[in-house]
Amino acid sequence: AASAQAQDRVATELPRLERHDGKYAFIVDGAPFTMLAAQANNSSNYPAMLDQVWPLLDRIHANTLEMPIAWQQVEPVEGEFDFSFLDTLLEQARAHDKRLVLLWFGSWKNTSYAYTPDWVKLDSERFPRMQLPDGSDHGVLSAHGTETLAADRRAFVRLMAHLRDHDPQNTVILVQVQNESGSYRNPRDYSDTGDRLFAQQIPDALAAATGKSGSWSEAFGEQAGRAFNTWYVASYINAIAKAGKAVKPLPMYVNASLAGPSNVPDPMGVASGGPQQDVLDIWKAAAPAIDFAAPDIYDRSSENVASYLDQYARPDNPLMVPEIGNSRLFARFFYEALGHGAIGFAPFGIDKTGYFNYPLGAKELDETTLDAFALPYAAVGSMMRDWARIAATRPTWGAAKPDDGAEVSTRMGNWTITGNWGEWQFGFKEWTWLESDPPEWADKPVGGLAVAQLSENEFLLIGDHVRVDFHAAPGTAPNGMILRVEEGGFEDGQWVVKRIWNGDQTDYGINLVDRPQVLKVTMGRYR
Ligand code: N0T
């Protein structure tokens with residue numbers, strides 16, 4: 001009874017997603033929260049490694065750690081569970097003042113069965129693999145394996161029960177169910193079971209959601225095998241998430257190995273079954289227990305990144321970036337993600353275990369690379385609850401320096417906002433005689449900004465390595481101008497001014513250089 005009372009004292013409100021008119025707040029401890037997260041390397045999920053994780057989380061000012069919990073490690077022997085790593089992780093996360101996102105590595109990890117226990121790996125009669133069209137094994141576990149689902153679900157439910165019993169303070173705020181599900185180079189399972197199901201009509205729920213009908217081939221044509229596998233993988237993962245939520249209803253999501261920006265990815269090339277942008281409607285229909293699908297971004301093209309952020313930020317899908325490459329060039333997309341309403345962002349492979357997933361991410365985490373993430377996280381960290389609260393209800397916009405260095409621009413209300421990626425700090429762009437010694441970052445993929453419209457004429461601006469201008473939008477009343485630029489921050493939810501920017505800092509545009517800034521810009525018109 002004494003320990004139950006102790007738990008009651010620390011029990012907090014469950015984390016949840018709150019929808020406001022197609023935008024989202026992630027509520028943690030009763031208020032909007034921005035996950036300034038980082039993901040550890042894949043094999044860092046052992047107590048002995050944690051000493052090499054926390055220092056880098058602190059170094060980049062992250063408030064959340066994404067950490068795998070592997071089926072292999074919690075149920076090495078069937079029916080015997082071991083949550084000792086989770087206990088250590090919970091205790092240390094609390095001591096380091098970090099929240100956790102647990103990544104359930106079960107039936108699918110980068111599509112593979114690698115994180116399943118040995119007793120699953122070794123028994124393909126009970127836990128069938130997908131078959132190729134010629135009847136040989138593909139390797140990846142089949143989504144039609146009813147015993148595989150039952151076993152994975154049982155282990156996941158035990159995990160959620162452990163959280164229910166040992167994490168009343170909700171140190172764990174979110175759970176990822178599987179990792180990059182699907183299968184490469186085989187659109188669906190061609191086993192007898194697969195063929196039998198594939199010959200059926202598409203499920204009613206899918207027909208209702210998509211307006212399609214008939215057989216899988218009639219409804220989805222060239223993509224039929226992939227649509228079919230997507231439905232069954234999503235249904236399988238939904239069953240696991242639903243059972244876990246029945247025990248402890250934390251928000252849950254899935255992540256996608258992206259297929260490239262094309263609208264019709266090659267079913268042989270893509271992780272068929274995973275939640276890529278073009279099959280989100282199938283996922284939504286099959287997996288109502290999954291709160292959102294999220295993109296793993298390793299694509300370096302700024303145009304492609306923009307298109308992923310657009311396609312995953314939907315009124316029915318809160319945007320979160322659970323993985324992005326950890327090299328310097330990816331850091332600028334943090335601002336663009338925030339501007340798209342992201343509730344969280346996480347560079348992948350942030351620890352000192354000595355592994356680097358180059359060329360997806362950095363060759364090494366040198367100080368410049370770490371600062372590229374650390375400085376924006378610190379700036380936003382100083383107001384993360386304010387940003388989260390504002391972004392959930394007010395218009396936001398964000399951009400990163402495009403690969404071609406072109407100016408970016410948007411309209412918010414009666415005002416136009418532009419961002420330049422100047423090779424100069426003082427003077428006008430046209431004063432080319434000043435450009436003889438450009439700064440280090442001039443020709444680098446560095447720079448971004450995010451803006452929230454606080455009221456008709458007031459904007460919150462954050463960014464670095466960008467020169468920002470605000471002016472009257474075409475067709476609006478004349479004589480618009482920037483009235484005031486304030487540097488400051490939030491205290492108890494209220495904006496507090498530290499100083500007013502003027503002169504060189506604003507004469508040629510609002511000049512954000514190396515250090516990320518938090519500014520409030522007030523517009524006006526003279527009569
Ligand atoms: C990611 C990570 C980890 C444009 C790779 C990325 C993580 C998993 N997979 O380090 O394994 O667990 O989610 C797949 C990237 C595909 C290539 C994209 C090239």
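Accessible areas come from the Shrake-Rupley method with a 1.4 Å probe, and for residues only the protein chains shown count as cover. This is a predicted model, where local features need pLDDT of at least 70 and side-chain atom pairs count only at pLDDT 80 or more, while totals for chains, interfaces and linings use all residues. Residues are numbered from 1 along each chain as its sequence is written, and side-chain values use heavy atoms, with hydrogens and water left out.

**View 1. A nonpolar patch on the surface is formed by M481, L483 and Y526.** Together these residues have about 290 Å² of accessible area. To join a patch, a residue needs over 30% relative accessible area and no salt bridge; nonpolar side chains (Val, Leu, Ile, Met, Phe, Trp, Tyr) are joined within 5 Å, like charges within 9 Å. Y526 sits in the segment after β23 (517-525). Its relative accessibility is 48%, so Y526 counts as partly exposed (buried is under 20% relative accessible area, exposed over 50%, partly exposed in between, with a 1.4 Å probe and protein chains only).

View 2. Across the boundary, 11 residues of domain 1 are in contact with 17 of domain 2 (contact means heavy atoms within 4.5 Å). About 1100 Å² is buried between them, with carbon and sulfur atoms giving 70%; buried area is the accessible area (1.4 Å probe) that two parts lose on being put together, summed over both. On the domain 1 side, R328, Y335 and M383 lose the most area, together 56% of what that side buries.

**View 3. Zoom in on the salt bridge between E440 and R328.** Their closest N and O atoms are 2.9 Å apart. A salt bridge is a side-chain nitrogen of Lys or Arg within 4 Å of a carboxyl oxygen of Asp or Glu. The count between domain 1 and domain 2 is 1 salt bridge.

**View 4. S142 and H144 sit in the loop between β8 (137-141) and α6 (146-166).** Helices (H or I, at least four residues) and strands (E, at least two) are DSSP runs, numbered from the N terminus. S142 is buried, at 1% relative accessible area, and H144 is buried too, at 13%. Leaving aside neighbours within four places in sequence, S142 touches residues including D189 and Y236; with that same exclusion, the contacts of H144 include D189, F228 and Y232.
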